[in-house]
Structures are given as structure tokens and as C-alpha cells.
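These notebook entries record what I looked up in one structure. I define each term where I first use it.

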Amino acid sequence: MDIRKIQTSVIIIGAGPAGAGTSFFLTKEGIPHVVIEKEVFPRDKVCGDACSGKTALVINRANPEWLAEILGNEQSFLPSWGITFVAPNGKALDIPFSPNRTKETKAPGFTTPRLILDNFLFNKMPSPYCTIYQGASVAIINDSDGSVTVQMMHEGVQYEISAPVIVGADGDKSMVRKKYLNEHTAPKTYAVGLRAYYEGVSGLHNDNFIELHFLPEMLPGYLWIFPLPNGMANVGVGILSERIREKKINLREQMLYAIKNNPQIAPRFANAKLADKIQGWGLPLAMERQPLSGNNFILTGDAACLIDPFSGEGIGNALYSGMLAAMAIKEAKTANDFSAAFLKKAYDDVVYKRLGEELKISATLQRLCKYPWLFNFVVNKAYKSPSLRNTISCMFTDMDLRDQLSKPSFYLKILFNK
Ligand SMILES: Cc1cc2nc3c(=O)[nH]c(=O)nc-3n(C[C@H](O)[C@H](O)[C@H](O)COP(=O)(O)OP(=O)(O)OC[C@H]3O[C@@H](n4cnc5c(N)ncnc54)[C@H](O)[C@@H]3O)c2cc1C
């Protein structure tokens with residue numbers, strides 16, 4: 001069989017947010033790259049569909065017109081102005097993202113089905129520097145003499161694509177990660193999530209607050225209800241895999257039981273209809289520092305286990321790590337050095353410098369969430385204290401403030417109303 005051979009500067013496996021983020025910023029630097037994606041877009045991805053300010057930040061950096069397009073299309077991208085925490089005791093606490101919002105303030109976050117978001121990003125990728133093969137299957141990744149070669153089939157044609165560096169943007173079950181890191185890395189900290197699309201859920205917040213219900217039986221995980229455009233809602237549960245194993249939990253049953261029986265939740269689903277089948281997927285959480293690169297490879301997004309361990313947010317970190325990967329590749333290309341030592345400095349160290357602190361705080365918060373009494377205590381106090389509510393609100397944008405949450409002094413101060 002005829003084999004088509006292609007030489008390029010970068011091979012990206014996967015065209016989700018991590019792959020798209022890498023591609024946008026390689027294009028900005030004028031670096032040629034090939035993106036190989038096994039699905040054909042538009043394609044679905046099991047997710048809560050909530051996008052934070054970090055997602056908006058990276059899209060804006062890639063091209064401010066793209067963010068304007070998103071913010072101007074509420075039919076597809078629903079602006080969200082805050083978050084409702086429901087404590088294990090059932091008490092709800094509304095925390096606006098922008099407590100001092102004016103008419104000009106743009107919503108810091110938005111929700112949109114991944115089918116729409118990922119397709120939006122995918123359609124922004126084509127450029128003179130970017131060649132995309134979708135519906136392609138990668139058979140083998142080989143590396144030798146400072147070069148990586150990928151063999152793949154696309155529309156009946158066999159390709160052999162070579163580059164000095166490969167970017168693993170291929171999600172939770174990353175084949176790039178498996179090839180390069182399997183034996184060298186700490187076991188993944190995993191959560192498992194289920195997603196269900198409902199129409200007709202009542203009692204959603206007027207400002208489209210996303211809702212996290214910390215039900216006692218799911219701690220440190222939660223059930224979420226996220227309003228979506230067109231009267232839909234993304235409803236799901238996320239819970240640590242070790243807890244599922246320990247307690248032998250049937251996640252689907254537990255979610256449906258809460259929807260049917262929880263006194264706060266059930267009445268809101270009285271007239272709601274499940275619009276699609278319930279689907280599950282894994283969440284590789286960033287609980288501790290791990291290697292993100294090595295000789296001639298870089299991992300991004302879920303392939304790099306960069307999901308926030310408290311919120312479960314991974315889209316923003318996928319885009320952000322893609323952006324940092326592109327910058328690291330630019331440096332490596334200039335130095336003509338794709339060695340593990342160079343990429344560690346140019347990529348791993350930068351990722352952890354920018355995201356490390358926030359991930360560490362989130363890991364601590366996730367551990368604290370095991371204690372329902374602590375959660376109830378903070379929410380009870382915040383319920384009565386506008387200034388504490390304001391402090392928690394600011395924690396969404398101020399990492400130093402969020403850090404307080406992981407310190408005992410914070411709880412002592414609340415206890416004594418300081
Ligand atoms: C239940 C659940 C709820 C979640 N909720 C949220 C949320 O509300 N907000 C949030 O920010 N994050 C959420 N996340 C996390 C978020 O979905 C991920 O962090 C995010 O999708 C990571 O993006 P990625 O580009 O790294 O991977 P993906 O989005 O998984 O994209 C990987 C791409 O690689 C392709 N691919 C895989 N293998 C190959 C291969 N061998 N060859 C070629 N292509 C390949 C796939 O087809 C896919 O297109 C949730 C996750 C789950 C499971």
C-alpha cells in the first residue's frame with residue numbers, strides 16, 4: 001500500500017479544547033502543525049458544560065473577536081453570573097461571581113453543550129499553518145533520533161507523519177500518555193462523572209447560577225444542575241472513584257434517586273424530561289504534581305491530568321495548558337532542543353508556576369469536603385453574614401483569599417465572628 005509521508009514541526013493528537021488551544025497559539029507563532037482527531041466534528045463530550053473565566057481568557061487571547069462572538073450569542077452560550085452551593089444540610093448559598101457588577105460587566109462564565117463549544121473551537125483551527133485530519137485512526141507512535149513518527153489511516157490512505165515533538169491532547173484515555181508515561185507516573189486520582197440532559201427543570205436562578213449540591217452520600221463529590229441555553233439543563237454527578245469502590249455505589253441509581261427523592265431537588269424535576277441517554281466519563285484530577293513532558297513529547301488537558309480537583313473544571317485548564325504548550329514549543333524550536341530537560345523548564349515548570357497554587361488549594365478543599373459538618377458550618381454562617389458571603393464571592397477571582405479556605409484560622413475566625 002502507498003504510504004504518504006509528511007514532515008511537520010508539531011503533531012497534535014486530539015482536537016478537543018487542549019488540542020485546539022495548542023493549535024491556536026502555534027498558528028499565532030507561524031509554526032506548522034498537523035492535528036489528528038479520531039472523531040468527526042461536531043462531536044459530543046460528556047461534561048457539565050460549564051465554562052469558567054479561564055476558558056474565556058484563553059479564547060480572548062487567541063482572538064478577541066471569537067470571545068465577542070460567544071458573548072453575543074446567548075442562544076448558544078448562556079452567560080452565568082454565579083454559583084449556588086447547597087450544603088449537606090440542604091441550606092443554599094448564592095455566590096455571585098461579580099458582586100459589584102454594572103451594566104457593562106460581562107458575565108465571567110457561560111454554559112454551552114460541548115457539542116457546540118468544541119465545534120466552535122474546531123472551526124477556528126484551520127489556518128495556513130494547521131493541517132487537520134479528522135476521522136483518523138492512529139495506529140502507532142514511534143520515536144527515534146529526536147523525531148516522533150505517527151502512523152495513521154485517513155479515508156483509506158495510510159500516512160506516516162514525523163515531527164520533532166508530539167502533543168498529547170487526546171483526553172482522559174490518552175494514547176500519548178500511555179506510550180510515554182505509563183510506568184513512570186503516580187497513579188491517577190480519578191473521579192467518575194455522569195451527565196444527563198433535561199428539559200423543563202424548574203427553579204433555575206434568573207442569572208443562570210450554576211448549582212452544586214453537596215449531598216451527604218456523595219461527599220467529597222456533588223450533584224450539579226447547570227442551566228443551558230434553550231431551557232435545557234445539564235444535570236450530573238461527580239464522585240471520587242475510590243469512594244465508588246469503597247461504598248460499592250451505583251452512581252446512576254444514586255443520581256436518579258436524588259432527582260426523585262431529595263426534598264430540595266425532586267419537586268424541581270416534577271415536570272422535567274430526560275432528553276438524552278445518561279452517559280459517564282472519567283475525570284483525571286490534578287491532585288499532585290506529575291510529569292507533563294519528556295523527550296519529544298508534551299501532554300495537555302486531561303491527558304496531563306489537569307482537572308481542578310475541587311470544581312471538576314477541566315476545559316479552561318485544557319485550553320490554558322494548550323496555550324502554554326505552544327509557547328514552550330516555540331522556545332524549544334528556537335533552541336532546537338526538544339529534550340526532557342528543556343521541555344520540563346519551558347513547559348512543566350511554567351504550567352505549575354501559573355496553575356500549581358490554585359490546583360493545590362483545590363486539592364485541599366476537596367479533602368476538606370469530606371466533612372459535612374464543616375460545610376454546613378460555613379454555609380450556615382455565610383447565610384447570616386453578608387460580609388462572609390462577599391469574602392467567599394471574591395474567592396472565585398482572588399487566589400490568596402481562596403487559600404484562606406484551606407487554613408484552620410479561617411474557620412476559627414468565622415466561629416468567633418471576626
Ligand atoms: C462528567 C464530567 C463533567 C465535567 N464537567 C465539566 C465542566 O462543567 N466544566 C469543565 O470545565 N470541565 C468539566 N469536565 C472536564 C472536561 O470535560 C475535560 O477536562 C475537558 O474535556 C478536557 O479537554 P481535553 O481537550 O483535554 O480532552 P477532550 O475534551 O476529551 O478531547 C480529547 C480529544 O482527543 C480525541 N482523541 C482521543 N484519543 C484519540 C486518538 N487515539 N487519536 C486521535 N484523537 C483522539 C477525542 O476524540 C477528543 O476529541 C467534566 C468532565 C466529566 C467527565
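**Entry 1**

How many disulfides does the rule count? I took a disulfide to be a pair of cysteine sulfur atoms within 2.5 Å, and the count comes to zero. In general, a disulfide is a covalent bond between the sulfur atoms of two cysteines.

I noted that the model is predicted, that local features need pLDDT of at least 70 and side-chain atom pairs pLDDT 80 or more, while totals for chains, interfaces and linings use all residues. Residues are numbered from 1 along each chain as its sequence is written, and side-chain values use heavy atoms, with hydrogens and water left out.

Cys 130 is buried at a relative accessible area of 9%, and Cys 305 is buried at 3%. Here buried means under 20% relative accessible area, exposed means over 50%, and partly exposed lies in between, with a 1.4 Å probe and protein chains only.

**Entry 1. The whole protein**

I recorded 13 helices and 21 strands. Both are DSSP runs numbered from the N terminus: helices are H or I with at least four residues, strands are E with at least two. Of the 418 residues, 55% are buried. I also looked up contacts, meaning heavy atoms within 4.5 Å. Among contacts between residues at least 6 apart in sequence, 72% join residues at least 24 apart.

**Entry 2. Nonpolar cores**

A nonpolar core is a set of buried Ala, Val, Leu, Ile, Met, Phe, Trp, Tyr and Cys residues joined through side-chain atoms within 4.5 Å. The largest one has 77 residues, and Ile 36, Val 150, Met 152 and Ile 166 have the most contacts inside it. Helix 8 gives the most to this core, with eleven residues. A second, separate core has 22 residues, including Val 201 and Met 255.

Leaving aside neighbours within four places in sequence, its contacts include Ile 11, Val 150, Tyr 180 and Phe 297.

**Entry 3. Helix 1**

Is helix 1 largely enclosed or open? Ten of its twelve residues are buried, so helix 1 is largely enclosed by the rest of the structure. Among the buried ones are Pro 17, Gly 19, Phe 24 and Leu 26. Helix 1 covers residues 17-28 and reaches 16 Å from its first C-alpha to its last, close to the 16 Å expected. The expected span is 1.5 Å times one less than the number of residues. After helix 1 comes Gly 30, with a positive phi near 70°.

I found Phe 338 in the loop between helix 8 (315-335) and helix 9 (340-368). Phe 338 counts as buried because its relative accessibility is 11%. Phe 338 and Phe 297 are 41 residues apart in sequence, yet their C-alpha atoms are 7.9 Å apart.

Asp 172 lies in the loop between strand 13 (165-168) and helix 5 (175-181), and is buried at 5%. From Asp 172 to Cys 305 I noted 133 residues in sequence and 7.5 Å between C-alpha atoms. The side chains of Asp 172 and Tyr 190 are joined by a polar contact of 2.4 Å. A polar contact is a pair of N or O atoms within 3.5 Å; within protein, one must be able to donate a hydrogen and the other to accept it, and residues adjacent in sequence count only if both atoms are side-chain atoms.

**Entry 4. The ligand**

Around the ligand there are 35 residues, and those that come nearest are Glu 37, Arg 43, Gly 48, Ala 50 and Asp 302. I counted a residue here if one of its heavy atoms lies within 4 Å. A backbone N or O atom of Gly 48 is 2.7 Å from a ligand nitrogen.
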